[in-house]
Number of protein chains: 2
Amino acid sequence: MKKTSLNDIALHLGVSKTLVSFVLNGKGKEFRISEEICKKVLAVSKELNYQPNRIAQGLRTGRTNTIGLIIADIANPFFGILGREIEQEAAKFGYRVIFCSSDENPEKSRQQIEMLQQSQVDGYIISPPKDSEDQIRALALGNVPLVLIDRFFPEIECNQITVDNFDAAYRATNHLLRMGRKRIANITVNLDLINMNQRTEGYKQALRDSGHRVEESLIKVLPFSHENKEVAKAVKDLVTKNSQNKVDAILFSTSKLGINGIESISALGLKIPDDIAIVSFDNPDAYKICVSPVTVVNQPLKEIGKTAVQILLGEIKHPDNHAKIQKIILKTDLIIRKSCGS
Amino acid sequence: MKKTSLNDIALHLGVSKTLVSFVLNGKGKEFRISEEICKKVLAVSKELNYQPNRIAQGLRTGRTNTIGLIIADIANPFFGILGREIEQEAAKFGYRVIFCSSDENPEKSRQQIEMLQQSQVDGYIISPPKDSEDQIRALALGNVPLVLIDRFFPEIECNQITVDNFDAAYRATNHLLRMGRKRIANITVNLDLINMNQRTEGYKQALRDSGHRVEESLIKVLPFSHENKEVAKAVKDLVTKNSQNKVDAILFSTSKLGINGIESISALGLKIPDDIAIVSFDNPDAYKICVSPVTVVNQPLKEIGKTAVQILLGEIKHPDNHAKIQKIILKTDLIIRKSCGS
DNA sequence: CTGAAAGCGCTTACAG
DNA sequence: CTGAAAGCGCTTACAG
């Protein structure tokens, strides 16, 4: 059972496919096609269950109504929520989205970009991994719209939507200080990306502004693909009684680190917040029900996703906007729960 | 700067695009095209950065190398992990995936299926919502491969990969009984779907087999889009001291219910497992670090995803397999942590 | 060994 | 008001 094509409808009615195309695209009025013919076309197309072949439309028009999304890992709820919002906002305007998880691996993202190019996507939303600067620059120079989310490269002029990471970490650290913590560590992940750097910078600045010394040994930078063990090791070094690095608070720069960190702290038999206070970036469910609900830096994920789609579609509809680059920096919330004491 | 096409390469070399197409598709040998011409073609295609237009290929060959995925919600880590695995396995074989979240809404899934049809996807992997039986039946009757995951409709002959939900719930309930619990409730969600029903049936059977009475008032069925409040209400009715429904254990049929449920239990000032024991389906991070780490029914998500892709691609490559329907039922693990006492 | 030609299913100037 | 024709970028019988 072959699919119904425009031609089938035309043949069926003894008219041209030009006419059928016009009617089905709602241009009946515009081309002053008679009411009754319009009705017939619509009726037959329904009767034969006509489904336009979007691939053929795409080839002809150069528009596929598809956007390509590259994030680190769709299984990570941070990107899951983001991806969900992007999918939903895109669907509102008739766009579909091809999802790609790069694992923060530039070779993977390179292949994914290539695949998306070949798929003729109308635009890209990308959370670029480190060392992907050249790929992104090349893309930005092309004439297909692009929006970066979560991170960006300062040297590339390109639409981008991020969060004020410096400010977020600054406020989080300040909160720990206000709660009376004296010695605060930062556990972060080596993404070699500006967003993570800004978090650590915000942390340092808050310490300095309150007259504390920044101790490099209290900043633990783990590789991106860290094992549970590595987090445990970092935590152990920071919380053990007779360690010279003994701290009374930790700022986790990602929730993956935070969740592993809390597991380690519990395993060591220490209590949050009594023995150690905690603030973490991101707000997974885990933090709501854990031993001591965690104070977090909450990012406006839905707004990031929605805005990214809106900017992208705006540029797709109006290619003359291509030159007008938008750099949007959103604010975060500090959600105070119990992990810093009261 | 227009994209390079096959024709550009052909013109550049003064050969036909037929030849170029053959070489680029690795059919140089097959058509005994001279070594040097092959080399030239490859060189020029690299030089001009030729990217094949997959949309044009798709129109011509009727294959888009794209699969459509419909799950309930990609922001839910259960589906995030599943989706991730599907994306990854598909990518291995050169397939891209369009992600769709149905929100368990049959009208949405109908639109999504239509969109995917129009996009000429080569196959579907679907976790169908309730009341989508007609849509799925129609799809299964078509000649595009289809694999259902997580749930299925007993009356539709169709590839499907699920888990032994009855057995999982049976074992989970038995575990609670072995841990000395006397009165066990089940909180589930009204998906009107076989997988959820099987869970509750397994729970009932375990009670019966151990000589307990099944009390319908201990089975709380919440609507799919439940608020936190509704879970809280159900929990409250089950755990309050002087409630006639007072129980000493709860089996949660989804992790969303479980996470909300734990929040409610904590809010009521009750202790897990002392006051109430808990087992939940699914294994989110939250359960590892929560007040009392939760004993869970862990589903082999990666295996589900991987197998789904393999069956789908097998059928895409060998359409004659279309008749051989595969129904796969995987086993679950009961991961014992602390929420049932020791 | 290589090329001219048809055709996938559309849209869209162009002609009348 | 309607239709014939070209063409998007490929692949693939067919011919020589």
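Hi everyone, let me start with helix 8 of chain B, residues 165-178, which lies across strand 6, strand 8, strand 9 (277-281), strand 10 (295-298) and strand 12 of chain B. Its direction runs at about 165 degrees to strand 9 of chain B. Before I go on, please keep in mind that this is a predicted model.

Helix 11 of chain B also lies across strands, namely strand 6, strand 7, strand 8 and strand 9 of chain B. Here the angle to strand 9 of chain B is about 155 degrees.

So what are these helices lying on? In chain B, six strands form an open sheet with mixed pairing, and the order is 7-6-8-9-10-12. Strand 7 and strand 12 (333-335) of chain B are the edges; each has a single partner strand, so one side of each has no neighbour in the sheet. From one strand to the next, the twist averages 20 degrees.

If you'd like to look at one pairing, take strand 6 and strand 8 of chain B: they run parallel and are joined by four bridges. Within that pair, Ala185(B) stands opposite Ile250(B) of strand 8.

Now to helix 10 of chain B. Which of its residues are buried? They are Val231(B), Ala234(B), Val235(B), Leu238(B) and Val239(B). These residues cover an arc of only 120 degrees around the axis, which puts them on the same side of helix 10 of chain B. On the other side of this helix, Lys229(B) and Lys233(B) are exposed. And the cover over the buried residues? It includes strand 6 (184-190), strand 7 (219-223), strand 8 (249-252) and helix 11 (255-267) of chain B.

Helix 10 of chain B has twelve residues, 228-239, and at 1.5 Å a residue they should span 16 Å; the end C-alpha atoms are 16 Å apart, so the two agree.

Let me turn to a single residue, Pro128(B). Its place is the loop between strand 3 (123-126) and helix 7 (133-141) of chain B. Is Pro128(B) buried or exposed? Its relative accessible area is 0%, and because buried means under 20%, Pro128(B) counts as buried. Leaving aside neighbours within four places in sequence, Pro128(B) is in contact with Ile136(B), Leu148(B), Ile149(B), Arg151(B), Phe153(B) and Leu193(B).

Over to chain A. The sheet there is again open and mixed, with six strands in the order 7-6-8-9-10-12. Strand 7 (219-223) and strand 12 (333-335) of chain A are its edge strands, each pairing on one side only. Strand 8 (residues 249-252) and strand 9 (residues 277-281) of chain A pair in the parallel sense over four bridges. Ala277(A) in strand 9 is the bridge partner of Ala249(A). Helix 10 (residues 228-239) of chain A packs on this sheet, touching strand 6 (184-190), strand 7 and strand 8 of chain A, and its direction makes about 170 degrees with that of strand 7.

Finally, how do the two chains relate? Chain B superposes on chain A by a rotation of 180 degrees with 0.0 Å of shift along its axis, at an RMSD of 0.1 Å. The two copies are thus related as by a two-fold rotation axis. The same surface serves both copies, since 100% of the contact residues of chain B recur in chain A.

Terms used: Residues are numbered from 1 along each chain as its sequence is written. Chains are lettered from A and ligands numbered from 1 in the order in which they are written. This is a predicted model: local features need pLDDT of at least 70, side-chain atom pairs count only at pLDDT 80 or more; totals for chains, interfaces and linings use all residues. Side-chain values use heavy atoms; hydrogens and water are left out. Helices (H or I, at least four residues) and strands (E, at least two) are DSSP runs, numbered from the N terminus. The expected span of a helix is 1.5 Å times one less than its number of residues. Buried means under 20% relative accessible area, exposed over 50%, partly exposed in between (1.4 Å probe, protein chains only). The arc is that of the directions from the helix axis to the C-beta atoms. Contact means heavy atoms within 4.5 Å. Two strands pair if DSSP finds at least two bridges between them. Axes are lines fitted to C-alpha atoms, for helices over the stretch in contact, and angles run from 0 to 180 degrees between N-to-C directions. Copies are superposed by least squares on the C-alpha atoms of residues with pLDDT of at least 70 in both.
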